[in-house]
Amino acid sequence: MFQFNGFNMVFPDGRIFKATYKCFSVSMLPGNERTDVEKGGKIIMPPSALDTLTRLSVEYPMLFKLNNTKKSRASHAGVLEFVADEGKCYLPYWMMDNLLLEEGDILDIESVSLPVATFSKFQPHSTDFLDITNPKAVLENALRNFACLTKGDVIAIKYNKKVYELCVLDTRPGNAVSIIECDMNVEFEAPVGYNEQNAASGASSQGGDGAQGTSVGQGEVSGTGQGTAGVLEEVIETFQGSGVRLDGKKKKDSQVDTPVLKKVLPRGVPDYEFQFGKLRFDRSIKPISDRVKEKGATGGGVGSAAGTDSESFRGTGFSMKKTRK
């Protein structure tokens with residue numbers, strides 16, 4: 001189909017572009033590193049292909065079908081530039097993986113006309129994709145570097161210095177569609193391994209609930225009285241173990257090991273009777289400082305410690321400035 005001043009002239013014997021090239025990944029392209037090619041779904045072809053395409057009735061945008069006849073694999077792509085060496089073409093690495101191609105393998109390229117996409121469905125290959133705040137916006141921005149999509153392909157997009165792989169589960173109205181200047185609805189399937197991860201996290205959370213319940217019971221038995229109030233005091237032992245000399249000699253009897261320090265840290269206890277949509281303000285919980293005072297007043301050992309704290313920093317003070325007489 002040729003275009004002259006806005007008129008389309010259709011020739012019944014329209015010809016199709018067909019060629020065979022040795023394919024290489026973009027990293028093998030001479031010159032500076034082309035990271036922009038890896039981010040999209042377009043290939044680089046030699047200048048002779050452009051000359052042939054201009055003499056044929058090829059519809060725009062130029063879309064091509066890539067065939068690996070040895071492995072019976074096919075995909076579709078657009079063209080980015082015509083700067084490759086003669087007899088060679090350069091593909092993104094993820095596209096070579098889809099086609100099961102190695103460096104220097106033979107690739108058949110044929111021009112095609114694809115319908116405009118109306119719907120596509122993707123499935124991430126990793127649950128890390130769920131960490132993205134707005135995945136549809138990220139995918140929309142990444143697909144600007146693509147010309148078409150093929151059902152069954154695994155595309156790669158880069159976001160925040162990380163590469164995410166997504167499988168194209170479905171495309172409409174055909175198995176291969178053009179996504180240039182189209183209004184396409186996008187859906188996401190649950191990532192691979194998402195169900196297994198949820199099951200594992202659910203089992204761990206149930207086990208964690210049981211452990212927390214045991215801790216609350218211990219808090220009540222020890223007499224803190226705050227197990228049901230929403231705060232649980234946890235004892236943490238620091239600096240456990242023994243010391244060793246650098247010279248390898250045994251320690252002397254005078255070198256006594258530092259005793260293990262125990263710290264009492266308050267931590268929150270979740271409300272297992274929480275109801276969604278209902279806020280409850282529990283005013284029976286007292287601050288940590290007040291509880292320490294109460295325990296100091298009731299317990300003998302703790303009371304003595306509180307008494308020593310109140311008598312700390314006794315003595316007289318001195319001023320560095322001399323007073324004038």
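How many residues lie between E5 and E6 in the hairpin they form, and which residue in the turn has a positive phi? There are 4 residues between the two strands, and Ser 72 in the turn has a positive phi of about 55°. The structure described here is a predicted model.

**Strand E5 and its partners**

Strand E5 covers residues 63-68 and is mostly covered, with 5 of its 6 residues buried. Strands of a sheet pair through backbone hydrogen bonds, in either a parallel or an antiparallel sense. E5 pairs with strand E6 (residues 73-81) in the antiparallel sense, and E5 also runs antiparallel to strand E8 (residues 106-112). Leu 66 has a bridge partner in E6, namely Ser 75, and a bridge partner in E8, namely Ile 109.

| Strand pair | Sense | Bridges |
|---|---|---|
| E5 and E6 | antiparallel | 6 bridges |
| E5 and E8 | antiparallel | 5 bridges |
| E9 and E14 | parallel | 4 bridges |

**The open sheet**

An open sheet is built from 4 strands in the order E11-E12-E9-E14, and its pairing is mixed. Strand E11 (154-159) and strand E14 (185-188) stand at the edges; each has a single partner strand, so one side of each is left without a neighbour in the sheet. From one strand to the next, the twist averages 35°.

Within this sheet, strand E9 (residues 119-124) pairs with E14 in the parallel sense. Phe 122 has Phe 188 as its bridge partner in E14. Helix H4 (residues 135-142) packs on the sheet and touches E9, E11 and E14. The direction of H4 makes about 125° with that of E14.

**Pro 30**

Where does Pro 30 lie? Pro 30 is in the loop between strand E3 (18-25) and helix H1 (35-38). Is Pro 30 buried or exposed? Its relative accessibility is 54%, and therefore Pro 30 counts as exposed, since the cut-off for exposed is over 50%.

Pro 30 also has contacts with residues from elsewhere in the sequence. Leaving aside neighbours within four places in sequence, Pro 30 is in contact with Asp 85 and Tyr 90. Pro 30 and Ala 84 are 54 residues apart in sequence, and their C-alpha atoms are 8.7 Å apart in space.

How values were computed. Residues numbered from 1 in each chain as written. Predicted model: local features only at pLDDT ≥ 70, side-chain atom pairs only at ≥ 80, totals over all residues. Heavy atoms only, no water. Buried < 20%, exposed > 50% of the residue type's maximum accessible area, 1.4 Å probe, protein only. Contact = heavy atoms within 4.5 Å. Pairing = 2+ DSSP bridges. Axes fitted to C-alpha atoms, helices over the stretch in contact; angles between N-to-C directions.
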